[in-house]
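Reader: I'm new to reading protein structures. Could you walk me through one, a feature at a time?

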Amino acid sequence: MPEVITRFAPSPTGHLHIGGGRTALFCWAFARRHGGTFLLRIEDTDQTRSSEESTRGILEDLAWLGIDWDEGPQFTPASGPLAGRTLGGDPRGVGPFYQAQRVAAYNAELERLVRSGRAYAAFEGAAELDAKRAAAVAAKQTYRYERPADVTPGVFNEARWKRAQAGETHVVRFVAPADEVIVRDEVLGEVRYAAGEMDDFVIRKADGFPTYHFAVVCDDAAMGVTHVLRAQEHLNNTPRHVALQAAMGYPTPMYGHMPLICNMDGSKMSKRDKAKAARAGLKQAIQKEGGKEAPVIERIAAATAVPAAEIEAFLKGDTDAVEIAAKIGAALGLTLPEIEVHDFRRNGYLPGAINNFVSLLGWNPGMKTDDGKDLEKFDTAFLAEHFGTERIGKTASKFDRVKLASFNSDAINAMSDAEFARGWRAWLREEGTGPYAGLLSLDDQRFAVLAAAVKPRAKTYRDALRPAGFALLGDDFGFDAKAVDKNLKGNDGLGLLRKFRAGLDGLGEWTPATIHAAVEKFVADQNLPNPGPIAQAVRVALTGAGVSPGLGETLFVIGRERSLKRIDRCLAEFGA
RNA sequence: GGCCCCGUCGUCUAGCCUGGUCUAGGACACCACCCUUUCACGGUGGGGACAUGGGUUCGAAUCCCAUCGGGGUCACCA
């Protein structure tokens, strides 16, 4: 295969969608596998929705996943697997990589098309077209833009172009081909679109910016892109691109359309799902309030600093803004579905697990492990070596968060204790505030022991907070009545606890190992059949409930002084 | 609705191209048991799928057709 150039071309309208992450990963892997170039292009031709902040967020998300781009916006990640490396650049001089900065080039190409009679200026207003479209829908007919009578394919329509040049508001439309269009797809095979299916679509908007279709085709050609891997939702756009390429004399790259990633209910996984979840929660809250909207909206407005009017609009469905959804979700204590790479990062997933899991959605290495099972655990280096379009599937897959959690749990357990401690600490710092920030004030040794204890019990960094909760307990915690009855009042818990407490005074060093040994010795001395009774009594005394990691770790993390104090307090409270 | 894509356990999938080795394999989840100091981890075992109907063939999950089902897309968004 000659040189391979792939690209990932997100539009900066928010964080990177998890499906976009997979697309980027596959494009990256394909380029790496063939020793080619992977470039990143920012498709910011929608002035109203694009933002620099989003671009930055996407670059960060990609870097966090460990996906490095050879060409594109320059970026030096501060942390993560690519920390300190400068990504992007323009060694071939094919930039800039922001479409908004390439408008002059698009216009030159566009004029060429117009003068050759393959495109023309059109003057209908958006409102007028909307009305026609609506009428067509009402009549259960398919709407197609009707080519004006004075436009002849292949003939430069100078009159229209002059009006446009004179400043009249207009769009530019492409003269759709009269013939069948065939899309050759690496994954799907040949896909045929009958003659006349395509209408004269817009290639330059009234604001002077190109539409997606035109910009992509120009840029892919200008940047020498050889392989376009993207999600199947784009399949129906491809004939337009192919037609455009033919009209402009550009080569058509190899296309590969990947199956969609769906929710468990089968619908396409989209950022809007967050809004849906938040709205549902909001409605439920209102229902609880007896159907009164005002008090709920007011309460949330106060808690989130989002204007009440915006919340009302959100409730009505006028907007699906992710930021509003996130704030409302937080105010209501809802867990919004993870959709963007950033969501998974915040919830304590590992990039390795995400990459691995997402790769398996629509691709499979088709290999066996040594014990004959299907190979499904691998890293990006493996992808860079083995990824190819031949094994991309055709069927959409559902995003099973439970399986992801299992992958993440495995990835966590594959880390050394030290690695996990480092990663967990970094994550805690990133999350910053919250009731769990206290874990960061633990000294290194305690933090390390706690991390190791919590590791096998955690599916994600966030999930690790649950078993670590005991380490944050104040000394005045309350006791779980059931646990007290069972483990203190029953099983001679209090008696054993008292004896165990007495022995603790003589314990020399206070380490997980010495504590563990002390428990074992106690069990032997007391002729207990198993450590259960004393272990559970100690747990209740130290944490108020019968659940904690191993006793050695638990007592060590809590500390000698506080452990003894707590046992004494417990003895005093229930021992009388 | 038009157009396009797809259809193997609940889910992700292997097998399909190059029919027989498929009484359909693996993973996640679930259930049971074992391990156990609680919670986890781990170990062993179990139930569970070729959408339906027609062909072709000695033989079909694999090839063909139809039906049904699911999804995507129909913007001056990308």
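This is a predicted model: local features need pLDDT of at least 70, side-chain atom pairs count only at pLDDT 80 or more; totals for chains, interfaces and linings use all residues.

Reader: How many aromatic pairs does the structure hold?

Author: Rings of Phe, Tyr and Trp (its six-membered ring) pair if their centres lie within 6.5 Å; planes under 30 degrees apart are stacked, over 60 edge-to-face, and the rest tilted. Here there are 17 aromatic pairs. One of them joins Phe357 and Phe399: it's edge-to-face, with 5.3 Å centre to centre and 90 degrees between the planes.

Reader: Which parts does that pair tie together?

Author: Helices (H or I, at least four residues) and strands (E, at least two) are DSSP runs, numbered from the N terminus. Phe357 is in helix H13 (residues 351-359) and Phe399 in the loop between strand S13 (397-398) and helix H15 (401-414), so the pair links parts 42 residues apart in sequence.

Reader: Are Phe357 and Phe399 buried or exposed?

Author: Buried means under 20% relative accessible area, exposed over 50%, and partly exposed in between (1.4 Å probe, protein chains only). Both Phe357 and Phe399 are buried. Elsewhere, Phe26, Trp363, Phe378, Phe382 and Phe387 make up one aromatic cluster.

Reader: What sits over the ring of Phe201?

Author: A charge sits over a ring if NZ of Lys or CZ of Arg is within 6 Å of the ring centre and within 35 degrees of the ring normal. Over Phe201 it's the charged end of Arg240, 5.4 Å from the ring centre. Arg240 belongs to helix H7 and is partly exposed, at 22% relative accessibility. Leaving aside neighbours within four places in sequence, Arg240 is in contact (heavy atoms within 4.5 Å) with Met198, Phe201 and His213.

Reader: What should I look for in the backbone?

Author: Most residues other than glycine have a negative phi, and most peptide bonds are trans. Lys140, not a glycine, has a positive phi of about 55 degrees, and with 79% relative accessibility Lys140 is exposed. Gly95 and Pro96 are joined by a cis peptide bond, with omega about 0 degrees.

Reader: Which residues come nearest to RNA strand B?

Author: A residue is near a strand if one of its heavy atoms lies within 4 Å of it. Of the 63 residues around RNA strand B, Lys205, Asp374, Glu376, Arg457 and Ser548 come nearest. Sugar and phosphate make up 73% of the atoms of RNA strand B that come within 4 Å of the protein.

Reader: Where does a side chain meet a phosphate oxygen of RNA strand B?

Author: At Lys373: an N or O atom in its side chain is 2.7 Å from a phosphate oxygen of RNA strand B. The largest share of the surface near RNA strand B, 4 residues, comes from H22.

Technical notes:
Residues are numbered from 1 along each chain as its sequence is written. Chains are lettered from A and ligands numbered from 1 in the order in which they are written. Side-chain values use heavy atoms; hydrogens and water are left out. A polar contact is a pair of N or O atoms within 3.5 Å; within protein, one must be able to donate a hydrogen and the other to accept it, and residues adjacent in sequence count only if both atoms are side-chain atoms.
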